[in-house]
Amino acid sequence: MVDAPIIKVRGLVTRFGTNTIHDGLDLDVRRGEILGIVGGSGTGKSVLLRTILGLETTDAGAVLLNGAASTPAVRAAFMRDFGMLFQNAALFDSLPVWRN
């Protein structure tokens, strides 16, 4: 199906200790779509991106990439056609430059 999401997040729950960051988050991103994630500091924007990229684990829910469960092999294939631009060209501070 042409209109099928290339990124599909369903029922995402992310917690750090007693802090719930995402509680049942659903998201679809279709091929060619440009998506901006906007919100205040600490609202889970970077955690969502890190989860989609497989850098964070979830407490519940699923991330599907091109319709397949996000495994290391699926993520590697997906990332060959994926790009991301961070505000002010910022990088993930938890990763060395060569992994960003």
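This is a predicted model: local features need pLDDT of at least 70, side-chain atom pairs count only at pLDDT 80 or more; totals for chains, interfaces and linings use all residues.
Strand 1 (residues 5–16) and strand 2 (residues 19–30) pair in the antiparallel sense, with nine bridges between them. Residues are numbered from 1 along each chain as its sequence is written, and side-chain values use heavy atoms, with hydrogens and water left out.

On to strand 3 (residues 60–65), which runs antiparallel to strand 1 and is joined to it by five bridges.

Leu64 has Ala69 in strand 4 as its bridge partner. Again the hairpin has two residues between its strands, and Asn66 takes a positive phi near 50° there.

Put together, the four strands make an open sheet with the order 2-1-3-4 and antiparallel pairing. Strand 2 and strand 4 (68–69) are at the edges with a single partner strand each, so one side of each has no neighbour in the sheet.

## Helices on the sheet

Helix 1 (residues 45–52) packs on the sheet and touches strand 1, strand 2 and strand 3, its direction making about 120° with that of strand 1. Helix 2 (residues 72–79) lies across strand 1, strand 3 and strand 4, at about 45° to strand 3. Those angles run from 0 to 180 degrees between N-to-C directions, using lines fitted to C-alpha atoms, for helices over the stretch in contact; contact means heavy atoms within 4.5 Å.

Which residues of helix 1 are buried? They are Val47, Leu48, Arg50, Thr51 and Ile52, where buried means under 20% relative accessible area, exposed over 50% and partly exposed in between (1.4 Å probe, protein chains only). Their cover includes strand 1, strand 2, strand 3 and helix 2. Just after helix 1, Gly54 takes a positive phi of about 85°.

## The whole chain

Counting up, the protein has two helices and four strands, and from the N terminus on they run β-β-α-β-β-α. Of its 100 residues, 23% count as buried. Among the contacts with a separation of 6 or more, 49% come from residues 24 or more positions apart. The protein exposes about 6900 Å², with carbon and sulfur atoms supplying 54% of it; accessible areas come from the Shrake-Rupley method with a 1.4 Å probe, and for residues only the protein chains shown count as cover.

The segment after helix 2 holds Leu95. Is Leu95 buried or exposed? Leu95 is buried, at a relative accessible area of 17%. Leu95 and Leu55 are 40 residues apart in sequence, and their C-alpha atoms are 9.7 Å apart in space.

## Salt bridges

How many salt bridges does a search of the whole structure find? It finds three, a salt bridge being a side-chain nitrogen of Lys or Arg within 4 Å of a carboxyl oxygen of Asp or Glu. One is between Arg30 and Asp3, with the closest N and O atoms 3.2 Å apart. That pair links distant parts of the chain, 27 residues apart, with Arg30 in strand 2 and Asp3 in the segment before strand 1. Arg30 is partly exposed at 29% relative accessibility, and Asp3 is partly exposed at 47%.

Arg10 turns up again, now in a salt bridge with Asp28, where the closest N and O atoms are 2.7 Å apart. Arg10 is in strand 1 and Asp28 in strand 2, 18 residues apart. Arg10 counts as partly exposed at 32% relative accessibility, and so does Asp28 at 26%. In another salt bridge, the side chains of Glu56 and Arg50 meet at 2.9 Å, N to O. Here Arg50 is buried, with a relative accessible area of 14%.

Terms used
Two strands pair if DSSP finds at least two bridges between them.
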